Each structure stands twice: as structure tokens, then as C-alpha cells.
Amino acid sequence: MTTDLGIWAVPLAVLGGALRVSTPFLFVSLGECVTEKSGRINLGLEGTLVFGAMAGYGGSLLTGSPWLGVLIAGLAGVLFGLMHGAVCSLPRVNDIAVGIAMMLLGTGVAFFFGKPLIQPAAPMLPAISFGGWSDVPQLRAALEVSPLFLIGILVAVLLAFMFKRTRLGLIIRMVGDSADAARAMGYPILPVRIGATAFGGFMAGVAGAYLSLYYPGSWNEHISSGQGLIAVALVIFARWNPIACFGAALLFGGAGALGPALQSVGVTSGYYLFYAAPYILTLVILFFTSSRNRALDGAPRELSITK
Amino acid sequence: MSAIAALHDPARREESAADHESGKARPLLEAVGLTKHFGNFTALNNVSLALQAGEFHALLGENGAGKSTLVKCILGYYRPDAGDVVLDGREQTIENPRDARRLGIGMVYQHFTLVPAMTVLENLVMSRVDVPRVVDWKAERRALIRFLETMPLKVPLDTPVDRLSAGERQKTEILKQLYLGSRVLVLDEPTSVLTPDEAREVLGFLRKRARETGMAVLLITHKFAEVTAFCDRVTVLRRGIKAGQGTVADLSIADMAAMMIGERDLAEVPDREATTPGSSPVLRLEAVRSGDAATRGSIAIEALDVFAGEIVGIAGISGNGQKRLVDLLSGQEAPDAGTLLVKGEPYDASRAAAQKLKVRCLPEEPLRNACVGRMSVSDNLAFRSFDRDAEGRRIRLLDRQRMRSEAERLIAAYAVKTQSPSAPVATLSGGNVQRAVLARELQGETDLLVAANPCFGLDFGAVADIRAQLIAARNRGTAVLLVSEDLDEIVALSDRIMVMFEGRIVYECAGGAEADTTVIGGHMAGHG
Ligand SMILES: Nc1ncnc2c1ncn2[C@@H]1O[C@H](COP(=O)(O)OP(=O)(O)OP(=O)(O)O)[C@@H](O)[C@H]1O
Ligand SMILES: [Mg+2]
């Protein structure tokens, strides 16, 4: 039933990969973008992601509805976010250290509760097909898109709008950019930061549910390959711009699909190198887009790494 | 002091006196018995203050006297340990500045409180109490342009605040408060970075507004000229205690100064000694370009020489490239083209080069540009010398004891007011940060000193001290490049004056008595 596409199979696979693999990157980075804009870094999102994957899978299994599973994963993420946000609001607590602790906590707790979930099969999230017009099966497969991906794009646009045009967005930027100014103008600092971290947790939880309920679509202890951590770097790479986060997530997803794609067309030597493509790509792009004069343009100044 | 005489307007005095009779009934705003401790240090001790509607009230005091602390307590930025704020005869609990804003009390802070990455437009809109959920920038811009047309001050709306010069930021802060339409306006040293003309314009305008709308203005300042020209009444603080109060018309400048400092002598500004300028310049700039040509703040300087034993003053309205010039000399930026020579050697402003060629720098906003706020005063004072021993040899381990004793010496020599050498430098009052940085930069031998707005925000005693230090350095043979927005200061201190306009040096003349401020002012404004 497959058509032989020759070398064209590679870009197709990359496209399909970009659409499938990018979604968790997109969700985590959008959430982290909001958190960082408010002046905090949450490195614990990797743990939240893994816990979200477990909670989403379990939720879907118990309720029979994958969408309820997504919601449960998101709410679990909110709890993790609130915990990070609250602990970091204590005086003399460093957000990066708390993040690392929360990362370990999240994965640990997820493995503990997730043990019984490895066997049973939970209902999966549906896919929307955009490839009906084509009769090339590979193209159709590549254009199978999760609704979450579309929601992610919508969220990116909404966030960009929020940061530009809404009071809430401007308050978040203000709190992240100058706590002094925000205080002088009488805006609350800690509640905004805690809220922004909770939102980041929600998005990471949903990203986890995507992993376990859509692609790859199962729950096991190797569900995440570090998406939660890489997404944090993506935010910096995207210079704290939600739309750029979307671009960066796509790029990363596509580059990540390069290795498996080459393997599938029969390139057998050195494809491991291509598994490193996303990371090499990141370094190359960072190198070429860096500039001494605007190194930290757009960086929220209250971040513990830029302060 | 001729400026004061010119501004003195007897008709206004009578009018203000009449106002007081009628306004005596009930003050608009009253602070009663405010007390504030920081740790076991009492910054404010039982201070009361009353503001009548429509009056312009001055708050005077030395650096560290507690002026900012007092107004921050009124504004809800700090929570006073004792005392009340009464507005319109009703006691108010002001938990935070937003409460104050809601009650119509606004303040221009001494340390800027604009969001650096946001544009002027965004900052102005966000400061309102009633920011709409979704902001219609087009409508807001139109409203603000209309508002700005009625104001004597101009600022670019779409520039991010961190690209603005200190003067422009200050104007933005003032515009912000006017835009908010406060009933009580507190100004913490608002004119430090404005040119004298701008300052007169702003204060004159505010005064008129106060008269017309019944707004009360509390002005913290170190400039007596502003007090005598614009203020009705004055309150003086000394070391956290109210040292006196009165009507400006009844007080002479000497009276007010005495209330501020008690019995103490001021530093004598030393005479300019004849120095023999060397044949070759200490600092030489040749065809230096930096920044995108012809954009705000970029510079294009064909030639600039500073010789040993002279002070070269760079005059100019803020935003004409002075900041970039200082950044180049202090190593915050690298030139795009041209050469920077110190004593004939190329100078890259690295720490090694600065040490070897004995270049020192006092940048503007020293708390941000020359200090690490959370480190102690003693650490900050040691930034130039922590890796050298008494003989100037390199050392590997810090000599804490020597750092501390050096710090104590400098703190005493420059009269830096701090709770202890180990207090974080950010807890010092504005003027004392300035003194601390100057103390650090002037210790040891200095061949080239770059000073940017060195007296920004200092009380009159400190201004005298620091000017004396600059002249003394010059007399010792140091080449001094003085970049200042205070034209009076430039004229008083400089041997030669250069005017910077749009990044170029457009005019040069001799300093001191020969300098003609009208001509210089014309060149500063770009029509020379
Ligand atoms: N947050 C703080 N923590 C500890 N001490 C402080 C703090 N803020 C101010 N102080 C101390 O309180 C005293 C008064 O400071 P304040 O800023 O009110 O002075 P000021 O009169 O405004 O001086 P200046 O003219 O230099 O601005 C100073 O000695 C200062 O060191
Ligand atoms: Mg002050």
C-alpha cells in the first residue's frame, strides 16, 4: 500500500516528525515562556511532564475519556507549578535549585504511581487528518495532526496577543522586568509569579498527556527524552517570544525526526549522529544569531540568570 | 546667586501667604509621628508633616537624612513602624503605592521606577489605576500624544526606557504623574538630571498646576535656588529627626543650610593652581564612531584631547551621545571605528589597561553601573584594589582585614554615611552611593579620571566636597574629563568646555568666568 518515494521520504518524515514531535516542546516552552516572563525559571517542568504523562494516562484509563485525562494531567501540573511558585516565594530560596529538586520529585512520584499503568491500554487521543486530498499514504500519515497541536498554535497566538495587548500580559512582563517598578506601581509580585508558574505547570502537564495519549502513546518510564528540559532552553532560544517558541518547537521536532527518517530510507551508517541533529542545530543557530550588543535583548531582567 | 534673584517674584509671595491663611483650616495631607527603623537603625524618628492644598512644599536634608524614607512611608512603599497618614482629615491605611495612587497620591522616585524593557507608551499606560483588560494601543497613543501636546516636556513614546538617557527617564517619570492627575505629588529630586532651563520649566509648570488645581506638591531637593524660587514652605530633616520648618519667605538660605547640617564647616573649594599641561594629551580620541550613525545616542567625534592638569567639561542636553562616550571610556561599549589613546597607547578599557594606564571612572547612576548592590560597602570599595597588597603587588587570597580597614578609612575620609562597612551598598542613600564610588575611584594615583554627572543628587555639602576633590585631582596633574548635564557645574569646574550635540562636538570655548552660558546653551540646543 506504500508508494516508493525514494529520497522524498526524508523531508516527508521530517515534516511528519515536526508536526508530531514538536507538540510537547511547544506546550512546555509556551508555559515556561510565561513563567520566565514573570521573572522565574522552573526547571522542574521535566518532572511535571513525566508526572503529567502518568496522570493523563491513568486519568484516561479510569474515566475512559482521553480528554479528561489531558485535563487531569494539566491540573496535576498546576499543583506542581503552585508548589514551585510557593516555595520560591520564601525569602532566600533559589528557583533553579527548587526546580531541580522538583524535577526529581516529579519523575520519582510518577514512576511510583505509574507502575500499574504500564500494562493496560488507555483510550488514546484522536487525530485530525489533513491529508485526505492526497493519495500518497506517507503524506497522509505525515499530515495526521493532533488537535492538541492546533490548540498549541492557538495558545501561542493568544499569548503573543496577551503580552502585547492585555493588562494581564503587561503586568507579567512588568513583574518579570523590574520588580521595583511593579512594586512602585502597586502591582502584586508574588501572586503574579506563582500564577505564571502554575500556568507553566499546567502546560507541561498537558504536554505529558500528549506523550502518553498520542505520540508515542503509551506510558513507561522512558516516556520523556528530556523534552521538559530542552523546552526551557527553547524559550531562551526563542527570546521569550511565544510565536518564536512555536517556530523553535517545529524546528526542533523536525530535526529530531531526521535520524529515524534517514534510517527508514536505508541510511545505516552514522544515523546516530543525526539523532543529535536538534542539539547541533541549536548550537549552530545560537552561534549565528548571537550578537554582542543584543545578547540578552528581551530577557526578563528579574530572572536569576540575567540579574 | 543671580539666578535666584531673577526667579524671585514678590507678587507670588503675597499670593501664597494669602493662600495659607485660608488653607490653614485643614491640610490636604498630613503625616503624623512617622517612625521607621531598618534593623536597629532609626531612619525616621517621629516626624510630622502637613501639606495644604495648592502649596509647594520643600523637604530638605543632607544625604541620608531620611527624606526618601519619609515619603516612601507616606506612599505605602514602606510600612512605618509608628505614625499615621491623614488625607482630607480622614485617617488612611495605605498598604501599597497602588492604594496611594487610588487616593490620588503620586510620586516620582529618586531611583527610577520605570520598566526598562517597556516603551514609554507602555510604561505610561501601565501606571494607571484603571488599565483596561485589553489595551487599544492606537487609542492610547492618540490620547497620550494629545496629552503631551499640552505639556512642556517631550519624550519619544515608542523608545524602550532602557534606551533613554537619565534626563529623559526623569521627564518620563514626571509626565507619568501628571498623566495620572495626582492630587498630591511627591517629587524626590526630580531636577537632578534636567538642564536648568528644563528644571525651571517643569517646576514653573507644576507650580502653576498646583495653584490652579489645588494640587499639593512635596519637593525633595538639594538646590536652594529651587526652594527660594518655587516653594511656599519648607520642612528640614536631620538624621531622621525633624530639624525645623517654616515659610520660605521668612528664611534665608543660610538659615536653611544651618537647619540641615547644624554647626559644621563646609569643604573649601581649592583654587585652581596653574598647572603645566604636558605636550602630549593624556586622553586622545581620533575619528571615533559608535552606534548606528545619526540615531539617538550614537557618537562621531573627530578629535578630543584632554591634557594633564586640566578639566575638560563636556556640556550637552542628555541624549546627545554623552552616555555612549562614557560607556566607551569605561569599557561598557567598544568603538565601531577610530582610536582611543591614553598616554599614546591604544586603550581598550579592560581592567588591565585601566590599571596600567591609571584610568578611573565615575559613571552616572553609580548604584547600577559601578556597584554591586547586594555586596557590602567594604567589598564595593575594594573593587579596584582587592587583588593588590599595600605595595601594589598581586595577591591571591583576599586580605579581608586590610579591605575592612581601607573601607573604614575611605568611609571616614569621604564622609560616607552607612550603618557599617558590611552593610549592602544598596541600602545607602542615593548621595552616599555616589560618595562611596568616588572614594574608590580617587584612591591611589590617577592619571585620567572620567566623571559623569558626579554631583547628581548630592546635598550641597557633598557637592562642595566632590567639586573640591575634582579640582584637587586636577591640581595634582590628573587629566579630568567631566561629562555633566549641569551647565553651571561645567562652567564652574572646567578649564575648557566642549559642547556635544547629536554625537558630535560642535563648539569649544574656555571655561570659568570667560564662558558665555547663552552661547553655550545655544549650541547645546543645536542652533549655534
Ligand atoms: N532599605 C533600607 N535598609 C536599610 N537602611 C536603609 C534602607 N533605606 C534607607 N536606609 C538608610 O536610611 C537612611 C535614610 O535614607 P534615605 O534614602 O531616606 O535618605 P535621603 O534623605 O533620601 O538621602 P539622599 O539625599 O541621599 O537621597 C540612610 O542612612 C540609609 O542608609
Ligand atoms: Mg533620597
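**Exercise 1. An aromatic pair in chain A**

Is Phe112(A) buried or exposed? Classify Phe112(A) by its relative accessible area, then describe its pairing with Phe113(A).

*Solution.* The structure is a predicted model, in which local features need pLDDT of at least 70, side-chain atom pairs count only at pLDDT 80 or more, and totals for chains, interfaces and linings use all residues. Residues are numbered from 1 along each chain as its sequence is written, chains are lettered from A and ligands numbered from 1 in the order in which they are written, and side-chain values use heavy atoms, with hydrogens and water left out.

Step 1. Buried means under 20% relative accessible area, exposed over 50%, and partly exposed in between, with a 1.4 Å probe and protein chains only.

Step 2. Phe112(A) has a relative accessible area of 63%, so this residue is exposed. Phe113(A), at 48%, is partly exposed.

Step 3. Rings of Phe, Tyr and Trp (its six-membered ring) pair if their centres lie within 6.5 Å; planes under 30 degrees apart are stacked, over 60 edge-to-face, and the rest tilted. By this rule there are ten aromatic pairs over all chains. One of them joins Phe112(A) and Phe113(A), with 5.2 Å centre to centre and 80° between the planes, and is edge-to-face.

Step 4. In chain B, Phe38(B), Tyr77(B) and Tyr78(B) make up one aromatic cluster.

**Exercise 2. The surroundings of ligand 1**

Describe the shell around ligand 1 by residue, contact, class and element.

*Solution.* Step 1. A residue is near a molecule if one of its heavy atoms lies within 4 Å of it. Ligand 1 is surrounded by 21 residues, and the closest are Gly64(B), Lys67(B), Ser68(B), Thr69(B) and Thr427(B).

Step 1. A polar contact is a pair of N or O atoms within 3.5 Å; within protein, one must be able to donate a hydrogen and the other to accept it, and residues adjacent in sequence count only if both atoms are side-chain atoms. Oxygen atoms of ligand 1 lie 2.9 Å from a polar side-chain atom of Asn63(B) and 2.9 Å from a side-chain N or O atom of Ser429(B). For Gln419(B), a polar side-chain atom is 3.1 Å from a nitrogen atom of the ligand.

Step 2. Ligand 1 alone exposes 630 Å², of which the protein buries 88%. Such areas come from the Shrake-Rupley method with a 1.4 Å probe; for residues, only the protein chains shown count as cover.

Step 3. Helices (H or I, at least four residues) and strands (E, at least two) are DSSP runs, numbered from the N terminus. The elements giving two or more residues to the shell are β2 (41-51), α3 (67-75) and α16 (430-442) of chain B. The most come from α3(B), with three residues.

Step 4. Ala, Val, Leu, Ile, Met, Phe, Trp, Tyr, Cys and Pro count as nonpolar, Asp, Glu, Lys and Arg as charged, and the others, Gly among them, as polar. The shell has six nonpolar, twelve polar and three charged residues.

**Exercise 3. Two covered strands**

State how β3(B) and β17(B) are covered and which strands pair with them.

*Solution.* Step 1. In strand β3 (residues 56-61) of chain B, six of six residues are buried. Phe56(B), Ala58(B) and Leu60(B) cover one side, and His57(B), Leu59(B) and Gly61(B) the other. In a regular strand the side chains alternate between the two faces of the sheet.

Step 1. Two strands pair if DSSP finds at least two bridges between them. Four bridges link β3(B) in parallel with β8 (residues 216-220) of chain B, where Leu218(B) is the partner of His57(B). Five bridges link β3(B), also in the parallel sense, with β9 (residues 233-238) of chain B, where Val236(B) is the partner of Leu60(B).

Step 2. In strand β17 (residues 448-452) of chain B, five of five residues are buried. Leu362(B) has Ala451(B) as its bridge partner, while Ala452(B) stands opposite Val483(B).
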